[in-house]
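Thanks, everyone. I have one model to show you today, so let me put it on the screen.

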Amino acid sequence: MHCPIPKTSSVSKTVKNGVCFGKNEIMVYSSLNEKRVLFADVDRCQFMTDILFPPFLTIALTGTPGTGKTELSKTLESEGYRILHITEFIKNNNIPSERDDERDCDVVDMDALEEAVFEYQQQIRKEFNQVYYSDGLTLEDLHKSPQYLPVLLVESHLAHYLCDLSVVLRTHPYTLKDRLSERGYSHQKVMENILAESIDVVLCDCFDYCRRVYEIETTNQTIDETANCLKELIHALYDDELKAYEGLMGKMQSLSEDVAAGVPISDVLNSYSFEDDGAIVYTDNDDVGDYVKEKNPILMKYTPGKNDWSELTE
Ligand SMILES: Nc1ncnc2c1ncn2[C@@H]1O[C@H](COP(=O)(O)OP(=O)(O)O)[C@@H](O)[C@H]1O
């Protein structure tokens, strides 16, 4: 059975969060929904919120090698969460990469990887939408089973370059040293990684690349305890993003009701603020990215900045 995914359109304008008007249609765009563009005829726009699927989030599970990304993602995968393992994905999709002998690692073509991950994510989202439709799910059902949670967890030390939400696993550098030595890494490679963990290299990168960043300290936890933290965090993050998304959709609804009631589009548009490209951008969505102002008690537990191991480098 196919779900009623709205037809795509010839309007090629891309905008951030917002709505823009083509000749015979309204285009809804939400970055919370990551580049998902939906269309509807102006005549049908009052039903627009009915035909929207819940937002589908792609969340990076990242961290210095040895912090537990593989182990934790496998634990969640065995429970039914959607996981994308980037190392396997690169091999299976023949994403080009070059060997860096000096640093003893492969350097992947990030543009090619990003494109392939985006396509994969679109496919997974479509599959989710099918399930949402055919199982007759509602928003209340989304937390009832890992398969119903519209989240793809991308596991890799590169994941935060591919997603705008990230969870960073952290481990005390001494513990990390033991784990990486046991793995048979060279002394140089161990030292390079524990130095990176001491000075928050991955975390800082996340701040450069991601809209929201959280961290989980794994050092004195069992794998099951850390897995529970990760599950708690992604469910809370989903709820929080959904709230912002619903706010956006609420505004969409009132806008479309105005249009349906016959208010000229130009008048409707005049009551909203515009960007140069004609998009209406809901500025209150911008607050979503400000983790410093985090108020959700679950998310607050995982706000970054609690680990300072920089003195170890002195
Ligand atoms: N709380 C924990 N969370 C995750 N891994 C842990 C934890 N405690 C110990 N470990 C161990 O740390 C190692 C992490 O390795 P791995 O998952 O391959 O890391 P990465 O994928 O980040 O390189 C595993 O051997 C795992 O058993």
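I will go through the ligand site, then the core and the strands.

Two points on the ground rules. This is a predicted model, where local features need pLDDT of at least 70, side-chain atom pairs count only at pLDDT 80 or more, and totals for chains, interfaces and linings use all residues. Residues are numbered from 1 along each chain as its sequence is written.

First, the ligand. Which residues come nearest to the ligand? They are Gly68, Lys69, Thr70, Glu71 and Thr226, out of 15 residues around the ligand. Near here is a C-beta criterion: the C-beta atom, placed from the backbone, lies within 6 Å of the molecule or strand. Helix 2 and helix 8 (223–260) are the elements that give two or more residues to that shell. Helices and strands are DSSP runs, numbered from the N terminus: H or I with at least four residues for helices, E with at least two for strands. Helix 2 gives the largest share, 4 residues. By class, the shell has 3 nonpolar, 9 polar and 3 charged residues. Nonpolar means Ala, Val, Leu, Ile, Met, Phe, Trp, Tyr, Cys and Pro; charged means Asp, Glu, Lys and Arg; the others, Gly among them, are polar.

Now the record. UniProt, in an unreviewed entry, places a "binding site" feature at Gly66, Gly68, Lys69, Thr70 and Arg183. Those positions are in the numbering used here, feature names are shortened, and annotations may be inferred rather than shown by experiment.

Take two of those residues. Glycine 66 sits in the loop between strand 4 (57–63) and helix 2 (69–78). Lysine 69 belongs to helix 2. Buried or exposed? Glycine 66 is buried, with 26 other C-beta atoms within 10 Å. Lysine 69 is buried too, with 26 other C-beta atoms within 10 Å. The cut-offs: buried is 20 or more other C-beta atoms within 10 Å of the residue's own, exposed is 12 or fewer, partly exposed is in between, and C-beta atoms are placed from the backbone.

Their contacts come next, leaving aside neighbours within four places in sequence. Glycine 66 is in contact with Thr171, Leu176, Arg179, Leu180 and Asn193. The contacts of lysine 69 include Glu155, Ser156 and Leu169. Contact means that C-beta atoms, placed from the backbone, lie within 7 Å.

On to the core. The largest nonpolar core has 41 residues, and Ile59, Ala60 and Val154 touch the most other members. Helix 8 supplies the largest share of this core, 6 residues. A nonpolar core is a set of buried Ala, Val, Leu, Ile, Met, Phe, Trp, Tyr and Cys residues joined through C-beta atoms within 7 Å.

Next, strand 9. Of its 6 residues, 6 are buried, so strand 9 is largely enclosed by the rest of the structure. Leu165, Val167 and Leu169 point one way; Ser166, Val168 and Arg170 point the other way. In a regular strand, side chains alternate between the two faces of the sheet.

What does strand 9 pair with? Strand 4 runs parallel to strand 9, joined by 5 bridges. Pairing needs at least two DSSP bridges between the strands. Isoleucine 59 has leucine 165 as its bridge partner. Strand 10 also pairs with strand 9 in the parallel sense, over 6 bridges. There, valine 167 partners tyrosine 214.

Last, a hairpin. Strand 6 (residues 97–100) and strand 7 (residues 105–108) run antiparallel, with 4 bridges. Arginine 99 stands opposite aspartate 106. The hairpin has 4 residues between its strands, and aspartate 104 in the turn has a positive phi of about 55 degrees.

Key:
Two residues are in contact if their C-beta atoms, placed from the backbone, lie within 7 Å.
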